[in-house]
Protein chains: 2
Amino acid sequence: MRARVIVRLKPGVLDPQGAAVEDALHTLGFTGASNVRVQKLIELDVDAADADACKLLVLEMADQLLRNPVIEDCGVEVLQ
Amino acid sequence: MRARVIVRLKPGVLDPQGAAVEDALHTLGFTGASNVRVQKLIELDVDAADADACKLLVLEMADQLLRNPVIEDCGVEVLQ
């Protein structure tokens, strides 16, 4: 079963990489770009009986390894 | 208009970060995890008249800055 984890900085946490991308876009002439946030997306295959079990397992992986719970939230989607 | 860009390594391109995450998951006991790929996800606000214009503009940004066309593909979704 293929799952997708989106790891994003919590609202209010400064995103220096996003700010750098935004500055670079402005320099290139894309002045309409704003509120740029750079996030991590992890896709993986998981051995699980059904979508609910898969989601629980991946949330457990996220809490143990994939995100820093102090500054990051995560969302899990089961793709197939 | 909020848009989302997913920048992923092309199929066949080695993903050392994904391999490291997969090894770490196995070490933690998640032996069912496989085919781990770590990708970039960029969300941004764009000044555009409609969804099609927004998508074209963001693809242009992706080609000029957000992805390395030699090894990376990208997909664009307009969120709202």
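Start by selecting B:G18, B:V21, B:E22 and B:L25: these are the buried residues of helix α1 in chain B. Look down the helix and you'll find them on the same side of α1(B), because they cover an arc of only 100° around its axis. Bear in mind as you click around that this is a predicted model.

Now show the whole of α1(B), residues 16-27. Its twelve residues reach 16 Å from the first C-alpha to the last, close to the 16 Å expected at 1.5 Å a residue. Then step just past the end of the helix to B:G29, where phi is positive, at about 100°.

What lies over the buried side? Bring up β2 (34-45) of chain B, then β2 (34-45) and α2 (51-66) of chain A; the cover includes these elements from both chains.

With both chains on screen, zoom out. Chain A can be laid on chain B by a turn of 180° with a shift of 0.0 Å along the axis, and the RMSD is 0.0 Å. That is how a two-fold axis relates its copies. To find the axis, select A:K40: of the residues of chain A, its C-alpha comes closest, at 2.6 Å. Color the interface next. The copies meet through the same surface, since 100% of the interface residues of chain A are also interface residues in chain B.

Next stop, the charged pairs. How many salt bridges does a search of the whole structure find? Over all chains, there are ten.

Select B:E43 and B:R4, a salt bridge whose closest N and O atoms are 3.0 Å apart. This pair ties strand β2 of chain B to strand β1 (residues 2-9), across 39 residues of the chain. Both B:E43 and B:R4 are buried; B:R4 counts as such at 13% relative accessibility.

B:E77 counts as partly exposed, at 33% relative accessibility.

For another pair, go to B:D63 and B:R67, where the closest N and O atoms are 2.9 Å apart. B:D63 is partly exposed, with a relative accessible area of 43%.

Finish in chain A by selecting A:R2, A:R4, A:E43, A:D45 and A:E77: salt bridges that share partners join them into one network.

How values were computed. Residues are numbered from 1 along each chain as its sequence is written. Chains are lettered from A and ligands numbered from 1 in the order in which they are written. This is a predicted model: local features need pLDDT of at least 70, side-chain atom pairs count only at pLDDT 80 or more; totals for chains, interfaces and linings use all residues. Side-chain values use heavy atoms; hydrogens and water are left out. Copies are superposed by least squares on the C-alpha atoms of residues with pLDDT of at least 70 in both. Contact means heavy atoms within 4.5 Å. Helices (H or I, at least four residues) and strands (E, at least two) are DSSP runs, numbered from the N terminus. The expected span of a helix is 1.5 Å times one less than its number of residues. Buried means under 20% relative accessible area, exposed over 50%, partly exposed in between (1.4 Å probe, protein chains only). The arc is that of the directions from the helix axis to the C-beta atoms. A salt bridge is a side-chain nitrogen of Lys or Arg within 4 Å of a carboxyl oxygen of Asp or Glu.
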